[in-house]
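Q: Please take a close look at one ligand site in this model. Describe what surrounds the ligand and how the site sits within the assembly.

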There are 2 protein chains.
Amino acid sequence: MALKALDYDSLNENVKKCQYAVRGELYLRASELQKEGKKIIFTNVGNPHALGQKPLTFPRQVVALCQAPFLLDDPNVGMLFPADAIARAKHYLSLTSGGLGAYSDSRGLPGVRKEVAEFIERRDGYPSDPELIFLTDGASKGVMQILNCVIRGDGDGILVPVPQYPLYSATISLLGGSLVPYYLDESENWGLDVNNLRQSVAQARSQGISVRAMVIINPGNPTGQCLSEANLREILRFCYNEKLVLLGDEVYQQNIYQDERPFISSKKVLMDMGSPFSKEVQLVSFHTVSKGYWGECGQRGGYFEMTNIPPRVVEEIYKVASIALSPNVSAQIFMGLMVSPPKPGDISYDQFIRESKGILESLRRRAKIMTDGFNSCKNVVCNFTEGAMYSFPQIRLPPGAIQAAKQAGKVPDVFYCLKLLEATGISTVPGSGFGQKEGVFHLRTTILPAEEEMPEIMDSFKKFNDKFMTQYDNNFGYSRM
Amino acid sequence: MALKALDYDSLNENVKKCQYAVRGELYLRASELQKEGKKIIFTNVGNPHALGQKPLTFPRQVVALCQAPFLLDDPNVGMLFPADAIARAKHYLSLTSGGLGAYSDSRGLPGVRKEVAEFIERRDGYPSDPELIFLTDGASKGVMQILNCVIRGDGDGILVPVPQYPLYSATISLLGGSLVPYYLDESENWGLDVNNLRQSVAQARSQGISVRAMVIINPGNPTGQCLSEANLREILRFCYNEKLVLLGDEVYQQNIYQDERPFISSKKVLMDMGSPFSKEVQLVSFHTVSKGYWGECGQRGGYFEMTNIPPRVVEEIYKVASIALSPNVSAQIFMGLMVSPPKPGDISYDQFIRESKGILESLRRRAKIMTDGFNSCKNVVCNFTEGAMYSFPQIRLPPGAIQAAKQAGKVPDVFYCLKLLEATGISTVPGSGFGQKEGVFHLRTTILPAEEEMPEIMDSFKKFNDKFMTQYDNNFGYSRM
Ligand SMILES: Cc1ncc(COP(=O)(O)O)c(C=O)c1O
Ligand SMILES: Cc1ncc(COP(=O)(O)O)c(C=O)c1O
């Protein structure tokens, strides 16, 4: 019997090929267990509000007023909203034509793109053009749009760090391109060695792949490192020489936990390098309202900025964006607020600073509790989280565990993470979902559980791990104690 | 010199190929004129709030409270919000885990999907399964997701009505598939003749194309017709015989202006047909918060329901949806509200009915003013808008105009629409953007300008048209007067 178009065997193969581990087997199992009544700690995805982080008050006030603009005419509005939130809501409504219910320009509201450009100028000290900034429904959608322009077929390769955030591998599969891995060096705190890059490109070329783009995630996910200025220079020089467009995923730029390792944008480093680099290297940088101390994941707001992309190509990207009409407008306003938060002297300034500082400082402490907790297990080693929202410990698994995993038909780290989930309710993502060197195993967890629950979570992790090791390693507790 | 990845000549060809006329040349020119200070009436896209339609109060109150959940603890909340909006906000917040700031499940909030299923059950009289309903960032994104699963390459054909809403042609180009046109019959009020379908399929097959899916837009865009039950049966039987998945774009199901032509869903007709059809025909139906009397375009909320799609395929669609994490959560709540509006007895019921009826009745009157206005021009013929938001008059252009267009390097209807825009500020879309028979010309305008402005707009259209005709047709004003 002939197949129908939406029968499994007749689906687009690229759809079947792609994998997205952050919401893969572990997440599905965790959802099942939750339905059965088990308490699950979802640390599989960087989703702060889902783990109890409170939204910042001021931006929520502004967007609530934009959703209910009739409140602005209500004489009682001042009883529930401060004057600066009211003024800001009026400002953003004046940037729309028709409020939050009207499609905006497909690149986003011009007024908000202008605010983003001003933010970038303040951050980097270089001009930024609102016409080269597109607002998106989250950074994910922006990355997908750009990769769609770059990838023409499986002869086109994209350099992606390993370990990586699987948005990249999944999107490359979906678009039918080739992922060209370059390995981050765990023993160098997940640093990037340009020699590795060269090898990766050479190897891809020897297989007939034309490498067209390079992805960096800075600060790193899942690896948590911040790239140094020197490293960024090397990368940009490499992109210049190899004619690669650099995709700079900088969604964690606010999430910095070590003063010695500040965030520096790829755009700034590129402009600092001067001609010919600053005029030649094609760069697309991504940002989001989902991360930082905002954590407004469910709003789906992001932007990308294009540097050295020819106007005709910008037009093509605009055309494709217009097929889906416009990014959601309320998240565009969150983006506006993120890039122009309350200023000293504003009524809401103190509260805003208190809230945002509170979140960042707590994240910094949680990063430390978590790294220390993992490192207190003798078969676990974990680099410190310099930035982003994740901890990515290496778990040394004994042959007995690897054997048992094989018998269960599971990859060893999936086996370990499933056991962890069943025993403790902690829902992590196995390292294999991000890529890792052969024979080495990791898991990724977010640093997002509430600070007061952190010691207990690390304790229950340690208990599980020790029991697991005792079960699968006859020597555990003896030889290495 | 070698090209860079984002140079025009090295872009993905499918990106360059796709066209999206709704925001194409006419829209870009209109935006320019607006910047220069000219008053533009944007009737190029069905965007009601941009033309002054006010949002429905109750849903906006609910979503504003969900954005600012701290208001629910404020003793003064009752001064700005009615009790039923407060209760509803609490209800929706209880369906999230982490409010609007947390990524939801990638299919959307289970609680909202349940409300959608209940709505479909009430509408059609048949069961609907929330597990087969996915929420999306607008119907556009849903259509793109499904076409992405169906299209494997240019050997795969999708039957699309001509004229059509160019989301379909653009997405098929972008995904590298083949559009197989079937013509709607203008002289039969844009009816669909199944014999035409058969011819289209036969012709595509003779070119080696395997036809896999069929799109219907019901009510039609740009054509405004409602498909009859008999017609839907024929279509479903045809899909059964040809093993096509039917994509039912039903985003205008609330926009009905003729009592003799009610909306009937494809799902209901399919279920009415019974076995084997009801168990075999693959159907995906799309809906949105952008249309109806809601017009909440900027929120980006939609859903699709799948019928007779195997579980393994549903899983694949889920996996792909998860790459972009989740649809925006506030629009999910709009969707919940749309499918479960206030009930008789609720505090906000009367206001909700007054507002929604007011909008629909005015649209009905505007549809008539517009059709009559077009038909009062002797070189224009226009079918009545039975549903949706558009008027799609045929403009008979004289040889002189066609000649002049040629000299200007423009398609004749683009030439006409550009002149109309420059003369009157009315921003329409030429018929060629939707597809039309060779040698026949149309334009599309929405019926959305404010009712009180309608007579003036139609008057200025008529004046322009008569002047245009006098200029390009020596006989105009004489022979046919
Ligand atoms: C590295 C990285 N990039 C992009 C994203 C996507 O974020 P969003 O689509 O919510 O903006 C994430 C989300 O976790 C991420 O970790
Ligand atoms: C026929 C049709 N389908 C789908 C859409 C997309 O609507 P949205 O993506 O806003 O839900 C539109 C918008 O105009 C339309 O006319």
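A: A polar contact here is a pair of N or O atoms within 3.5 Å. The model is predicted. With that cut-off in hand, take ligand 2. An oxygen atom of ligand 2 lies 2.6 Å from a side-chain N or O atom of B:Asn221. The side chain of A:Tyr103 also places an N or O atom 2.6 Å from an oxygen of ligand 2. For B:Lys291, the distance from a side-chain N or O atom to a ligand 2 oxygen is 3.0 Å. Taken alone, ligand 2 exposes 400 Å². The protein buries 100% of that area.

Now the shell. There are 15 residues around ligand 2. Those that come nearest are B:Ser140, B:Asn221, B:Asp249, B:Tyr252 and B:Thr288. By class, the shell holds 7 nonpolar, 5 polar and 3 charged residues. Both chains A and B contribute residues around ligand 2, so the site is shared between chains.

That leads to the interface. Together they bury about 8300 Å², with 59% of it on carbon and sulfur atoms. On the chain B side, B:Leu6, B:Tyr103 and B:Ile323 supply 10% of the area buried against chain A, more than any other three residues.

Last, the annotation. An unreviewed UniProt entry places the feature "domain: Aminotransferase class I/classII large" at residues 84–459 of chain A. The end C-alpha atoms of that span are 45 Å apart. The span is 44% helix and 15% strand.

Technical notes:
Residues numbered from 1 in each chain as written. Chains lettered and ligands numbered in written order. Predicted model: local features only at pLDDT ≥ 70, side-chain atom pairs only at ≥ 80, totals over all residues. Heavy atoms only, no water. UniProt positions renumbered as here; feature names shortened; annotations may be inferred. Helix = DSSP H or I, 4+ residues; strand = E, 2+ residues; numbered from the N terminus. Near = heavy atom within 4 Å. Polar contact = N/O pair within 3.5 Å; in protein donor to acceptor, adjacent residues only side chain to side chain. Areas by Shrake-Rupley, 256 points an atom, 1.4 Å probe, with all protein chains shown as cover. Nonpolar A, V, L, I, M, F, W, Y, C, P; charged D, E, K, R; others polar. Buried area = accessible area lost by both parts, 1.4 Å probe.
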